[in-house]
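Hi everyone, thanks for coming. Please have a look at the structure on the screen, and I'll walk you through a few parts of it.

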Amino acid sequence: MNVKNLFSEISGLRYIVENLDIKSKLGQRVLLSTKFMVNASDIDYQLNQIDETVNIYRQESNKSVFDKAEIKLAQIRDIAGTIKNIQKRLTLNDIELFEVKSFALLVSEIKDLFSDIDFIHTKIPDLNAVIEILDPEKSRTPSFYVSNAFDPNLGALRKELIKVEFLLESLGDISSGNSELYQQSNDIRNQITELEDKIRAKLSEQLFAHVSELNNSLAAVADIDILIAKTKQVIEYKFVKPEIATDVTSYKGLFFPELKDALNKQNKRYQPIDIELFNGSCLITGANMAGKTVLLKTLGLSQAMCQFGFFVPAESAKIVLVNQILYSFHDSQSVLSGLSSYAAEMMCVNQMVQTSKKQSPLLLLIDELARTTNPTEGRAIVSAVANYFNQLNVKAVITTHYGGLSTQCRKLRVKGFVEDSDQSQVTLQNIGDFIDYSLIEDNETDVPHEALRIAQILDFDSEIISEAARLIDNK
């Protein structure tokens with residue numbers, strides 16, 4: 001399970017990745033193949049690296065170092081294929097030898113740039129031995145050709161060829177002795193080609209001794225590219241370093257970056273959320289438009305970001321690690337072709353049940369469970385599922401519209417519309433400004449009744465609204 005695999009499952013993850021300012025295709029490839037980490041020490045290592053880089057990056061004296069390094073990183077080519085050819089002990093061609101030389105020179109320059117930032121400097125292997133192999137003239141230029149410096153015999157042959165070619169050119173086609181000169185020219189060319197091939201084979205064999213340094217450099221450069229991109233994203237989005245917890249996951253000021261950016265562009269308000277998740281089930285109720293689905297997606301995104309080695313979108317965060325994030329959202333049911341939404345949902349939730357029997361801990365996110373069936377059975381299903389997960393080492397967050405639930409699990413409610421708001425001032429454009437998205441403990445059996453109010457704000461037919469209100473009063 002890597003970053004790329006979870007794009008379609010973790011809402012907002014693609015947005016986070018695509019907004020990283022990674023300079024090299026190498027860095028992009030490595031990031032997309034990053035594994036979902038479950039070991040706390042591995043995650044802490046990644047997070048501490050970002051934390052240290054953020055502190056260094058904020059220092060004005062280091063700004064030019066990072067700027068220059070990013071220019072070099074943008075020139076880095078992914079030479080993994082060429083390194084594999086070296087490992088196979090194949091003879092490299094001139095283009096491949098150029099790639100290795102150019103890569104080694106850039107890596108050396110990046111290492112030198114970070115000479116005063118020890119933890120980055122020491123990440124990068126010393127490739128001077130590789131440069132010496134491919135740069136006998138010590139020119140430190142990224143170009144490559146099989147020069148005379150690789151073998152003195154090559155220079156002598158090339159000089160001899162020049163003399164023969166000069167004679168042929170001066171004599172033209174009038175001399176009957178030209179055939180001997182042509183043969184001589186071809187013989188010398190063949191000797192040069194044979195010697196050049198031997199030199200390429202020798203260089204390739206010499207490079208074989210440095211495969212480990214080349215592979216480590218490839219990994220180090222990708223790591224630095226990703227590290228700098230994450231650092232800049234942390235500063236821009238005000239992400240926070242999560243603390244790895246052992247029992248309770250808690251967030252203060254949790255937000256969904258993609259939605260927050262969209263609202264900011266429209267000069268609209270975004271309200272972050274505070275929440276604690278304990279083992280077992282947590283039911284979240286609230287009216288439509290109360291942000292319950294966004295909350296679930298934000299919890300999934302933040303968990304994934306933490307376990308992929310990112311800082312998270314919050315003011316503070318303590319996160320219990322999980323083996324998997326499993327979800328059931330109605331906007332994703334189309335992947336189960338040919339099934340009704342209810343059948344698709346039941347299959348998805350059943351997968352969660354079966355997985356929870358085999359492994360833990362898990363983060364389970366279920367949006368509007370059983371909403372497409374009748375209320376009587378729906379309430380029973382929600383209560384049964386919540387009761388089941390409440391006994392396990394999972395964190396199950398379930399949103400619902402149903403009231404009268406018999407489960408004894410923890411219940412939270414989105415506050416919803418501000419009680420003293422003037423309804424005449426509420427419009428479709430500013431409705432979010434009149435909703436309090438914060439969560440409160442709620443042990444009531446009923447759920448908020450705000451559907452008619454929302455319908456009225458949306459300018460739904462007044463006669464139907466009045467009739468619905470009458471029916472509710474007479475219930």
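I'll go from a helix to a sheet, then to one residue, and finish with salt bridges.

Before that, a word on where the values come from. This is a predicted model, where local features need pLDDT of at least 70 and side-chain atom pairs count only at pLDDT 80 or more, while totals for chains, interfaces and linings use all residues. Residues are numbered from 1 along each chain as its sequence is written, and side-chain values use heavy atoms, with hydrogens and water left out.

Let's begin with helix α6, residues 94–113. Its 20 residues reach 28 Å from the first C-alpha to the last, close to the expected 28 Å; that expected span is 1.5 Å times one less than the number of residues. Buried here means under 20% relative accessible area, exposed means over 50%, and partly exposed is in between, using a 1.4 Å probe and protein chains only.

Four strands form an open sheet with mixed pairing, in the order β1-β5-β2-β3. The edge strands, each pairing on one side only, are β1 (243–245) and β3 (273–277). From one strand to the next, the twist averages 20°. Two strands pair if DSSP finds at least two bridges between them. Strands β2 (residues 249–254) and β5 (residues 316–320) run antiparallel and are joined by three bridges. Which residue of β5 is the bridge partner of lysine 252? That is serine 316.

Look next at helix α13, residues 292–307, which lies across β1, β2, β3 and β5 and runs at about 110° to β2. For such angles, axes are lines fitted to C-alpha atoms, for helices over the stretch in contact, and the angle runs from 0 to 180 degrees between N-to-C directions.

Threonine 355 has 13% relative accessibility, so it counts as buried. Leaving out residues up to four places away in sequence, threonine 355 touches Gln324, Leu326 and Leu362, where contact means heavy atoms within 4.5 Å.

Last topic: salt bridges. The rule asks for a side-chain nitrogen of Lys or Arg within 4 Å of a carboxyl oxygen of Asp or Glu. How many salt bridges does this rule give? The count comes to 20.

One of them joins lysine 63 and aspartate 67, at 3.1 Å from N to O. Both residues lie in helix α4 (residues 63–75), four residues apart, about one turn of the helix.

Another salt bridge joins arginine 89 and glutamate 205, at 3.5 Å from N to O. Arginine 89 is in the loop between α5 (80–87) and α6, and glutamate 205 is in helix α10 (residues 178–208), so this pair ties together parts that are 116 residues apart in sequence. Arginine 89 is partly exposed, at 48%.

Finally, there is a network of salt bridges linking Asp94, Arg158, Glu196, Asp197 and Arg200.

Notes: Helices (H or I, at least four residues) and strands (E, at least two) are DSSP runs, numbered from the N terminus.
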